[in-house]
Amino acid sequence: MTTPEKGLRWGILAAGGIASLFTKDLRTAGLDVAAVGARRPGAAAEFAARFGIPHAHESYEALAEDPDVDIVYVATPHPQHAANAILALEHGKHVLVEKPFTLNAAEAARVRDVARERGLLAMEAMWTRYLPHMVRIREILAAGTLGDVRAVFADHTQRISSDPLHRINALELGGGALLDLGIYPISFAWDVLGAPLTIASAAHLGQTGADNEVATIFTHAGGAISTSISASGSAGPNTAHIVGVDARIDIDRVWYNATSFRVTAAGGTVLEDYVSEVEGRGMQYQAIAAEGIIAAGRTDSDLLPIDETVAIMGTLDEVRRQIGLRYPSEAN
Ligand SMILES: NC(=O)c1ccc[n+]([C@@H]2O[C@H](COP(=O)([O-])OP(=O)(O)OC[C@H]3O[C@@H](n4cnc5c(N)ncnc54)[C@H](OP(=O)(O)O)[C@@H]3O)[C@@H](O)[C@H]2O)c1
């Protein structure tokens with residue numbers, strides 16, 4: 001497949017809530033949205049008309065076959081991610097797959113392996129990692145401003161819906177706070193402190209069996225600790241903090257969106273006051289990163305390598321094992 005000089009041609013797989021927000025951001029960034037595919041009759045045509053997209057397909061297969069698409073953005077519920085991503089990869093398309101990348105680590109490894117066999121990019125749409133404030137935070141950490149980092153804590157708590165049929169509660173749609181929301185603070189802990197060495201978890205499962213609240217405590221190299229709280233029925237502060245012996249970083253609400261942060265020395269002096277200036281929601285940064293990776297002839301993200309995505313899914317698997325959460329497609 002050749003990469004057009006003017007940039008990649010994006011295909012949007014599914015026309016639901018996040019597909020709309022992402023497409024809006026692709027438009028904000030002036031990227032080329034070539035096609036959309038949706039299952040519901042008429043949904044692709046409506047979506048295409050709304051965003052001025054040239055091709056509308058009545059199935060994901062037709063989208064995957066579209067010769068005018070270079071990269072497919074997968075925006076279905078998580079249990080569908082692996083099959084949808086593999087469909088696109090098998091038609092020679094790169095894929096950017098919504099978080100969580102898949103339902104579990106085994107599925108994530110399958111997607112990775114198909115992408116590797118075909119020399120294509122498979123990237124998790126963990127858009128937070130690509131936001132400018134996170135890029136700056138990684139620079140501050142690399143400069144050693146915080147000294148030895150001892151703790152990371154964050155919450156991702158939203159009041160979404162108590163409807164048992166809603167995606168957040170329905171187990172057959174991958175429902176639960178951990179996979180939908182907890183992936184953010186857990187991926188953040190991985191980013192700052194690396195792989196967890198030990199994992200402890202607690203959760204409250206709601207009436208459908210999906211986790212409404214989940215908390216995790218990890219230890220990392222050198223004894224550093226990360227904690228997370230995620231909830232789908234109550235909205236908390238949604239802030240994140242990185243604590244080092246010399247200074248700390250406090251990321252303001254909503255920390256996983258484009259936002260501000262401060263670096264404060266152990267003695268109380270503010271060392272940096274970062275103000276975010278991002279157009280739109282900020283989901284375009286991951287898309288621009290994907291385009292840059294492919295333009296450079298590479299097939300993996302340096303900010304979130306596919307092996308790390310698979311390993312993070314393994315961390316989520318272990319948390320789910322501890323809290324007794326299995327999905328219908330995994331039962332047997
Ligand atoms: N990055 C973020 O900030 C963010 C925010 C919210 C959600 N997400 C992620 O994005 C994914 C989709 O979430 P969403 O909120 O966009 O969900 P949504 O609004 O319910 O949309 C899901 C879409 O997937 C398609 N789909 C395919 N198979 C389906 C099935 N068996 N049941 C229901 N729908 C099915 C639907 O139909 P059509 O094909 O007909 O359109 C629908 O448009 C999830 O993995 C979620 O974790 C990410």
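User: How are helix 5 and helix 9 oriented to each other: roughly parallel or roughly antiparallel?

Analyst: Two packed helices are described by the angle between their axes and the distance between the axes. In this predicted model, helix 5 and helix 9 pack at about 165°, and their axes lie 8 Å apart. An angle over 145 degrees counts as roughly antiparallel, and helix 5 and helix 9 are therefore roughly antiparallel to each other. Their crossing is right-handed.

User: Which residues make the contact of helix 5 with helix 9?

Analyst: Helix 5 contributes A105, A108, A109 and R112, while helix 9 contributes I306, T309, V310, M313, G314 and D317. Sorted by class, the contact of helix 5 with helix 9 has 6 nonpolar, 2 polar and 2 charged residues.

User: At what angle do helix 4 and helix 5 pack?

Analyst: The angle is about 5°, with the axes of helix 4 and helix 5 10 Å apart. Angles under 35 degrees count as roughly parallel, so helix 4 and helix 5 are roughly parallel to each other. On the helix 4 side, the contact involves A82, A85, I86, L89 and E90; on the helix 5 side, it involves E107, R110, V111, V114, A115 and R118. This contact of helix 4 with helix 5 comprises 7 nonpolar and 4 charged residues, with no polar ones.

User: Let us turn to the domains. Which domains does the assignment give for the protein chain?

Analyst: The assignment gives domain 1 (9–125) and domain 2 (132–277 + 313–330). The centres of the two domains, taken over C-alpha atoms, are separated by 26 Å.

User: How many residues of domain 1 are in contact with domain 2?

Analyst: On the domain 1 side there are 11 residues, in contact with 12 residues of domain 2. Helix 4 and helix 5 (105–118) are the elements that give two or more residues to the side of domain 1 that touches domain 2. That side of domain 1 has 7 nonpolar, 3 polar and 1 charged residues.

User: Finally, which residues come nearest to the ligand?

Analyst: There are 22 residues around the ligand, of which A14, G16, G17, I18 and R40 come nearest. By class, the shell around the ligand divides into 11 nonpolar, 5 polar and 6 charged residues.

User: Which helices and domains supply the shell around the ligand?

Analyst: Helix 1 (17–28) and helix 4 (78–90) each supply at least two residues of the shell. The largest share, 3 residues, comes from helix 1. Domain 1 and domain 2 each provide at least three residues of the shell around the ligand.

Conventions: Residues numbered from 1 in each chain as written. Predicted model: local features only at pLDDT ≥ 70, side-chain atom pairs only at ≥ 80, totals over all residues. Near = placed C-beta within 6 Å. Helix = DSSP H or I, 4+ residues; strand = E, 2+ residues; numbered from the N terminus. Nonpolar A, V, L, I, M, F, W, Y, C, P; charged D, E, K, R; others polar. Domains from an automatic or database assignment. Contact = placed C-beta atoms within 7 Å. Axes fitted to C-alpha atoms, helices over the stretch in contact; angles between N-to-C directions. Parallel < 35°, antiparallel > 145°, perpendicular 65-115°, else oblique. Left-handed = near helix turned anticlockwise from the far one by under 90°.
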